[in-house]
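Please keep the sequence and the structure in view while reading.

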Amino acid sequence: MNPPAYDLYREKNPSLDLARDRLEIDVCVQHNNGGLAVDCWWQSTALTGFFPVGEAAGAHGVYRPGGAALNSTQVGSMRAAQWIAARRQGEPLDMTAFAAVATPAVENAGAFLAHAGARIADGDPDNTGVLLARAQRLMSERAGLVRSAQGVRDALRRVRAMLTGLSDRMVVDLSSRRSVDRLFLLRDILTSQFVYLSAIDDYLRRGGVSRGSVLYTDAAGLLPEEGLPESMRYVLDDGALDEQVQEVALRYGADGEVAVEAAWRPRRPIPDTGDDFFENVWRDFREDGGVR
Ligand SMILES: Cc1cc2nc3c(=O)[nH]c(=O)nc-3n(C[C@H](O)[C@H](O)[C@H](O)COP(=O)(O)OP(=O)(O)OC[C@H]3O[C@@H](n4cnc5c(N)ncnc54)[C@H](O)[C@@H]3O)c2cc1C
């Protein structure tokens, strides 16, 4: 630890000397390195005209250079804006065409809400908060930084069941904005959980082991340090999948069933930009804003 940090800690906590005492810590997730697939202008590769910038974009790999998350939000937003300014100058969709696309989605949301809201009249209590907390707890317990294949599969089965029968399970108070918000929030969260758990399950089925910031428990593996629980034995990744990128797609069947398809593709090479000294880059920028 650097001396000023050590001194500051000592000053604020006189009873604790970090040179001698152990510090109890807790861990939280700092960044999601996966995300929606985008090209180098942060345009979705699945949906033209959709630019998911920031942490929503899958712009990092298993590892991410520390501090690069905020830079990525700024660089991604800037590049998306440059592309939009250069290439998407046409008129927006007219309202009739927009309504044709949007109306089924709005009707679908309305029907979902009406169904979940119907049972409150029978005296059933609002359960949106309870179900939301349960979904969040399940993911922390089964897919946090220490996981097991069994735990992941169990969570996947439970999330699939919750997602499939969601509007039958939920009791929404239609007079409460919070309750209505939670219905859609829970659907979004469960959908994301289903995608991530399916991706993790696929990784494990391909022989994936501990890497990045995740420890997959393995009784045949090593214990990171004496004194830790036996459940923390793990096998360290040997880089076998380093050149591969996992991509998954969420599909809805006609019967409303959800499924995730996973595929692996080779990592794209780092582009050889060649002659990119300042005069060339500046000339290109003046010609077309660097968008090509
Ligand atoms: C503890 C911690 C420390 C970190 N330290 C660093 C660091 O030192 N350096 C670094 O580079 N990165 C760091 N990061 C990561 C970085 O902060 C994030 O990756 C980055 O802020 C993500 O930016 P974003 O705009 O994509 O998303 P967010 O900053 O999460 O913004 C999303 C916004 O959308 C809003 N929102 C969500 N749902 C809805 C909705 N339905 N309607 C309207 N609004 C909605 C949210 O309220 C939020 O304001 C840290 C993260 C954490 C948690």
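Two residues are in contact if their C-beta atoms, placed from the backbone, lie within 7 Å. The model discussed here is a predicted one.

**Two helices in contact**

Two packed helices are described by the angle between their axes and the distance between the axes. For α5 (residues 149-164) and α7 (residues 177-205), the axes come within 9 Å and cross at roughly 145°. The crossing in which α5 passes α7 is left-handed.

**The protein as a whole**

How many helices and strands does the protein have? There are eight helices and four strands. Read from the N terminus, their order is α-α-α-α-β-α-α-α-β-β-β-α.

The C-alpha trace spans about 70 × 70 × 45 Å along its principal axes. The radius of gyration of the protein is 24 Å, whereas a compact globule of 292 residues would have one near 19 Å. Of the 292 residues, 13% count as buried. Among contacts between residues at least 6 apart in sequence, 57% join residues at least 24 apart.

**The ligand**

Which residues are found around the ligand? They are Gln-30, His-31, Gly-54, Glu-55, Ala-56, Gly-67, Ala-68, Ala-69, Leu-70 and Thr-73. Sorted by class, this shell has four nonpolar, five polar and one charged residues.

Trp-42 is located in the loop between α1 (3-12) and α2 (68-87). Is Trp-42 buried or exposed? Trp-42 has 26 other C-beta atoms within 10 Å, and it is therefore buried, given that a residue with 20 or more counts as buried. Leaving aside residues up to four places away in sequence, Trp-42 touches Phe-51, Val-53, Ala-57, Gly-76, Arg-79 and Ala-80. Most residues other than glycine have a negative phi. The phi of Trp-42, in contrast, is near 60°, a positive value.

Gly-123 lies in the loop between α3 (95-117) and α4 (128-143). Gly-123 counts as exposed because it has 7 C-beta neighbours inside 10 Å, the limit for an exposed residue being 12 or fewer.

Asp-238 belongs to the loop between β2 (215-222) and β3 (244-252). Asp-238 is likewise exposed, since 9 other C-beta atoms lie within 10 Å.

Each of these residues can also be paired with another residue of the chain, as the table sets out.

| Pair | Separation in sequence | C-alpha to C-alpha distance |
|---|---|---|
| Trp-42 and Tyr-234 | 192 residues | 36 Å |
| Gly-123 and Ala-259 | 136 residues | 34 Å |
| Asp-238 and Gly-208 | 30 residues | 9.6 Å |

How values were computed: Residues numbered from 1 in each chain as written. Predicted model: local features only at pLDDT ≥ 70, side-chain atom pairs only at ≥ 80, totals over all residues. Near = placed C-beta within 6 Å. Nonpolar A, V, L, I, M, F, W, Y, C, P; charged D, E, K, R; others polar. Axes fitted to C-alpha atoms, helices over the stretch in contact; angles between N-to-C directions. Helix = DSSP H or I, 4+ residues; strand = E, 2+ residues; numbered from the N terminus. Left-handed = near helix turned anticlockwise from the far one by under 90°. Rg over C-alpha atoms; globule rule 2.2 N^0.38 Å.
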